[in-house]
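Hi everyone, and thanks for making time this morning.

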Amino acid sequence: MSLLDQQRERIQDDLRGLIAGEVRCDDVFLQLFASDAGIYEIKPLGVVRPRSAADLSACVGYAAEKHIPLHARGAGSGVAGESLGPGLVVDFSAHLRRVIRVDEDRVRVQPGVVHERLNEQLRKQGRVFGPDSAAGAVATVGGMIAIDAAGSRWLKYGSTRRHALSLQVVLADGEMLELGREPLADGRSTSTIPRKRELVDRLASLLRENAEPIRRNRPNSPENHCGYNLVEVLGDGYLDVARLLVGSEGTLALTTEATLSTDRLPSSRGVALLLFDSMEKAARAVPDILAHAPAACDLMDRRHLSLAREAERRFEQLIPAETEALLLVEQDGDDPHEVRERLHRLVGELWQRKRLAFGARQAFEDDETELYWHLMDKVQSALHRMAGPSRPLPIVEDMAVAPETLPDFLVRVQNVLKRNQATASLYCHAGQGQLHVQPFLDLAKPDDVQRMRRLAEELYEEVLAVKGSIGGEHACGLSRTPFVRRQAGPLWDVLLEVKKIFDPENILNPGKIVGDDPDMMTRYLRPSIRVFAVPDTASLGREKLSSQPGAIVPQSAAAPQGMRNLVELQLDWEPARVVEAVAACNRCGECRTQEARLRMCPIFRFLPTEEASPRAKANLLRGVLTGTLDLGLLTGDEFKAVADLCVHCHCCRLECPAGVDVPLLMRESKGAYVAANGLSFADRAMTQLDLLAALGGLIAPAANWALTNRQMRWLLEKTLGIAQGRKLPRVASRSFLRRAARRRLTRPSRRGGQKVLYFVDVYANYFDPQLAEALVAVLEHNRLSVYVHPGQKQAGMPSIACGALDRARRLAEHNVALLAESVRQGYHVVATEPAAALCLRHEYPQLIDDDDARLVAENSSEAGSFLWNMHTLGNLQLDLNPLNLTLGYHTPCHLRALRVGTPGKNLLGLIPGLRVHRIESGCSGMAGTFGLSKKNYRSSLRTGLKLISRLRDPDIQAGVTECSACKTQMEQGTEKPTLHPITLLALSYGLIEKPKGIGL
């Protein structure tokens, strides 16, 4: 064991004896916290997750005694490396995330509270915590305090500093204090607490002595987040220590609770898009706009607008192609007529009177204003998805100048970029003169690393020439700290003294803000994964793909050629595809969102820890591919524990800004583990549900009795791990395939016209043959020939989800062979199970990369999607009888993954008398076989609680969904049945008998 390993083990043991929270020092876990959303990577000694302020105090005391650095971390969504370091990372987001108290105009919170979740609670009282950073959906309040976060609506709400009333903090020696606006009498503290009195007195004396240099060296920009905040801290009879601490990046103290002021939430708002034919005109318009006191004023360049039009068709109509720049302006208030008038006046002045803008778009309804604000989201997503090794990098993205100097300064920025032969995206909070400039660079190239440094040097020289600030909103961190001394000038010694007063031993995030490493900006760059031209997997077989030279070229010397061979051959990976997916992740942290309108990761929603986030999976694979992590860890239990937190729902793949295919990464990772260690007995049983169901069908009465018998369910839990409390579907005495054979559906049709092959899968075959009968009846009613191939096997999604890739591949090869032949005979494949349709369309072409798999994928559909397409073409029979029912519809994750919308709900809309309420409560929590397991049972129910609660509404008579796993969950907490849309369609056609539990 190395000395470093011994040190980590000793620290882990020591801290576990001191605190109730978690302490982890294993390599897999440390990799998750070695990076943030920026370009840096530093492996820490360990990760501490305190459960209380007492935990944090004990941890800091221990670190001070052992001289171990501490690095505070919230969501890890910062881009400057401010939460990274070689010491102990303190993760506040796991446990310290309570809203403690909401008062009339203020709120008391713990630092791990997510900004968006806080505002969700405040909205109920008509209040808002105003600073709205771009990462607000995932950023924690502690992180916002650490960097003094602001955002687009700074003009109305200012930055976090303005709202900080008091902070409960742990100082560098472990002592806990409440610090806010501290009263002074004759320039000295009146506190009765000795430590607080000493601290306030020293700070007050320092700031009083340097009052004139502080005033004289204040940047000529509305905001300055470079260094410590020394302005408006010392006042007449008080010292506002909370304001001083805000923006200090955890280098002075660690926050355990914060009291923040809140604002009234305006009831009305309007948004205008002002269109300009030059960037210079847009910048010149800003002072005129500010005269109208807007809530926000943001500027976007031509590159952003082009990407927005490509990403969202609606923006093509909103933004003409000749637009060179755009200003997004918001007005808000409580009187909608006044808001409308103010915005009309602003637009009229800029467009019709002064002729600066050549056009404008205005919106006042919520859905339209949200669309306008999503303009930036769409652009960021498109930037993340851009192909190639050069990416827009957040390295000089936080410059701030006076708004009136913007026209001249933008020219200076363009000149610097031209001199360095660099292109960049540009987004600007124009109202506060803050620029986000992201050059396109490939940091795997030494020349681009040097270019990055030159760009920073030259751009910051231009900022200082106009008396601006090199930091206007984000942290100094690793990227800007080397330049702080130049910005601070004669105040540098004051900054050093502030640090010394709070942290004399320099253990709190050392090296940040007042660091002395001139090469810090380039010292800790993440090891690069070099991706050469990725071969077209549509034209290459598996053998050709795995033999492509240069598919993986790790930049680290620790990643020898042997690793490449092992990855390709022993673990049976397809390296180009895996590398492409890993390299696409920019670690922005958007996958940590818990916004109601998104699903992202259902596991992260009930387990909001870093290892549960999709980003964590990409980080681990990146560590392996760069050689930072030993390849052998892939087959270890620590790696598997993280991989098992992916349930293959595909939500992250759909909603990730960069489109990272995390399910692909985890499928291959789990496959590596299974190849080395095999499957557990319970997992093996889950992969063979078709066999278990077939055996159960032979003794259906006894099997169904056993499923309801307490003793038998106890035995089932002990052997297969299936939770005793989970309601399980009854097995049918005769499978649908046997019924289909009796009806001669298993013989190819000789009729002409459109022909359909029904791919049944496990649930409809063994547990719900009525659904299969309903689909066949509906298809035949619409004059389609139906064929049920007798040789078909289960789709294999459980095998894919648990990493049994050999079995999954065998199932895929078997099914593809017979389905491809049928497709060539003119059949279109339909499936009532979304997971089965997803296998056919998405998983099979990845498992077996050949033409037949792609042929099947192109000619397969989910049943509802197939029927709705028939309706849009005018080919669906509409002789539907009324059904007087009120239903609650849930969209399954795997249906969303097919990107077909909600065809089942659309079909239900054709049935007269049927009332369908769409229940948007995220994932059902079942996640395939995940919710069957005893270890996941409670978590599954917590995830699905909102959905189940909504179904209990007396107005809803039954649930509706396409997914059999979701149906199981929906019926778990209510006696109401849940039906497939196809079953209801068949019932309306009069083709089947009324299902049990439906009152008509």
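**A walk through the model**

Let's begin at isoleucine 699, which sits in the loop between helix H29 (689–698) and helix H30 (700–708). When I say helix or strand, I mean DSSP runs numbered from the N terminus, with H or I over at least four residues for helices and E over at least two for strands. Isoleucine 699 is exposed, with a relative accessible area of 51%. Here exposed means over 50% relative accessible area, buried means under 20%, and partly exposed is in between, using a 1.4 Å probe and protein chains only. The C-alpha atom of isoleucine 699 is 7.4 Å from that of serine 733, and the two residues are 34 apart along the chain.

A word on where this comes from: the model is predicted, so local features need pLDDT of at least 70, side-chain atom pairs count only at pLDDT 80 or more, and totals for chains, interfaces and linings use all residues. Residues are numbered from 1 along each chain as its sequence is written, and side-chain values use heavy atoms, with hydrogens and water left out.

Most residues other than glycine have a negative phi. Histidine 67 has a positive phi, near 60°, and it is found in the loop between helix H3 (53–66) and strand E3 (70–73). Methionine 600 is not a glycine either, yet its phi is positive at about 45°. You'll find methionine 600 in the loop between helix H22 (575–584) and helix H23 (602–606). Is each one buried or exposed? Histidine 67 is exposed, with a relative accessible area of 54%, while methionine 600 counts as buried at 2% relative accessibility.

Next, some strands. Strand E8 covers residues 164–170, and six of its seven residues are buried. Which strands does E8 pair with? One is strand E13 (residues 254–261), antiparallel to E8 over six bridges, and another is strand E9 (residues 176–185), also antiparallel, joined to E8 by five bridges. Two strands pair if DSSP finds at least two bridges between them. To find these pairings on screen, look for serine 166, whose bridge partner in E13 is threonine 259, and for valine 170, whose partner in E9 is methionine 176. Between E8 and E9 the hairpin has five residues, and there glycine 174 takes a positive phi near 100°.

Another open sheet of four strands has the order E30-E29-E31-E32, and its pairing is parallel. Its edge strands are E30 (914–918) and E32 (978–979). Strand E29 (residues 885–889) pairs with E30 in the parallel sense over five bridges, and tyrosine 889 stands opposite arginine 918 in E30.

What about the interior? The largest nonpolar core has 115 residues, and those with the most contacts inside it are Leu274, Leu327, Leu435 and Phe502. A nonpolar core is a set of buried Ala, Val, Leu, Ile, Met, Phe, Trp, Tyr and Cys residues joined through side-chain atoms within 4.5 Å. Helix H16 (residues 446–465) gives the most to this core, with seven residues. Apart from this core lies another, of 76 residues, among them Val776, Ala835, Ala897 and Ala958. Back at phenylalanine 502, the residues in contact (heavy atoms within 4.5 Å), leaving aside neighbours within four places in sequence, include Leu171, Leu199 and Val241.

That's the tour, and I'm happy to go back to any part of it.
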